[in-house]
Amino acid sequence: MTADSHIHKVSLASDLLKLQRGELSLSSRIDALEARFEAIEPAIRSYLPEADRFGRLRRDAHELEARCQNAATLPPLYGALLGIKDIFHVDGFPTRAGTQLPSALFAGAEADVVTRLKQAGALIVGKTVTTEFAYFEPGPTRNPHNLAHSPGGSSSGSAAAIAAGLAHVTIGTQTVGSVIRPAAYCGVVGFKPSFARVDTTGLVDFSPAADHVGFFSADVADMLAIAAAVIGDWTGQPDHKPRPVLAVPIGPYLEQSTALAAFEAQLNALEEAGCPVKRIPMFDDIAVIDARHQDLIAAELAQQHREWFSQYERLYRPRTAALIRRGQAVAPKRLQAVRDHRFELRARIGRKMDDEEIDLWICPSAPDVAPRGLGATGSPAMNLPWTHAGLPAVSVPAGTGMLSLPLGLQLIGRFGEDEALLTFAKAIGRVFAR
């Protein structure tokens, strides 16, 4: 089987329209998914194994059909195929969190975001693979574009499932770069809303001060529909200028990328499409920001795992255990200082956007294309400062780099202005879809 045959992104909007018109039934859609699952999933390994997956899925679809018999009033995500990162609690599914620790430790009420998606009409395909506790120890998932390369992490299975056509929407989380990076590596759209815009209730916490719920889809139009369905105060697509003013954060932060020639070509394409691009010095202190964020997430991970780690330390994988030990050494005063710094950085970025009259920041979604090998998930360096500040970010596919592997463009908006970010991203995505 060729690499191209592993790529088959499915359109949520197209399938919803066909379902509404009666041109597609839920049973035929599930039949098609099952056939693709059997052909592709053994190589991709984006989902956790489940006995009788498709028997259960057909029963769920039958119940959904019974509840929604009027085609004119179908819920907004009727029949959407949903994958859920295995650090979310889901009724009827164990939560394993990518670890060897007993799954009974993580039992809890269903995650709010999962319930919202189900109420919107989504059908759960299954739990997707995560790195251990959403950190760096990888699972078995492979990149559908090249099975010898990482899909990224920690939301490995969620990104790969979209690229392989095994879901319409998947849920992930981002504590450093765990949505934006795998989205770029797998050539799909990844959206990390503003901090706390999506409720994290029902999540196996990594770092409560940095955890964001995020989503993956085939395109930005689908992502807009997903956001509208799950974010309670979503206000729709705002009126604004047709093309945003973009800002490139030049300096030591941007220089962490090794694909800057490709990035310049992407910027040229956007300028030719009518998007003004400014180059603005930003994050000269990126090493300090990195250290603060790492201390924050390490200390909070150590707090979350205090009892589990004391009892099951031998079951933790090396990189996870090392971060917990680092966190144990972070003093309470330091932890409070780095928590406070999130708000200082957010305000600083906002002032810069005001002063320079810019709409979005733009930069690579990852330092380069997906690295070869499955022993690591790549660097989140390009995502860290934006996550630390809690700003909304989206990765849109933007061509290919070495070995014809996908590249992503990361767009970052103002805090709380997620609607504007996705609306701009839809226009920018069209430039690279030609």
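**Exercise 1.** Against which elements do the buried residues of α5 pack?

*Solution.* The structure is a predicted model, in which local features need pLDDT of at least 70 and side-chain atom pairs count only at pLDDT 80 or more, while totals for chains, interfaces and linings use all residues. Residues are numbered from 1 along each chain as its sequence is written, and side-chain values use heavy atoms, with hydrogens and water left out.

Begin with the helix itself: α5 spans residues 156-163, and eight of its eight residues are buried (under 20% relative accessible area, 1.4 Å probe, protein chains only). Among them are S156, S158 and I162. These buried residues pack against the helices α2 (26-44) and α6 (180-186), and against the strands β1 (81-85), β2 (123-128), β3 (169-174) and β5 (212-217). After α5 comes G165, with a positive phi near 75°.

**Exercise 2.** Describe how β1 and β2 are joined.

*Solution.* The two strands run parallel and are joined by five bridges, where pairing requires that DSSP finds at least two bridges between the strands. Within this pairing, G83 stands opposite G126 of β2. From β1 the chain passes through helix α4 (residues 112-119) to β2, in a right-handed β-α-β crossover. As for covering, six of the six residues of β2 are buried.

**Exercise 3.** Examine the surroundings of K85.

*Solution.* K85 lies in strand β1. K85 is buried yet has no salt bridge (a side-chain nitrogen of Lys or Arg within 4 Å of a carboxyl oxygen of Asp or Glu), and D211, the nearest side chain of opposite charge, is 8.3 Å away. Leaving aside neighbours within four places in sequence, K85 is in contact (heavy atoms within 4.5 Å) with residues including K127, S158 and I171.

Terms used: Buried < 20%, exposed > 50% of the residue type's maximum accessible area, 1.4 Å probe, protein only. Helix = DSSP H or I, 4+ residues; strand = E, 2+ residues; numbered from the N terminus. Right-handed = clockwise from strand over helix to strand, strands pointing away. Lys, Arg positive; Asp, Glu negative; His and termini not counted.
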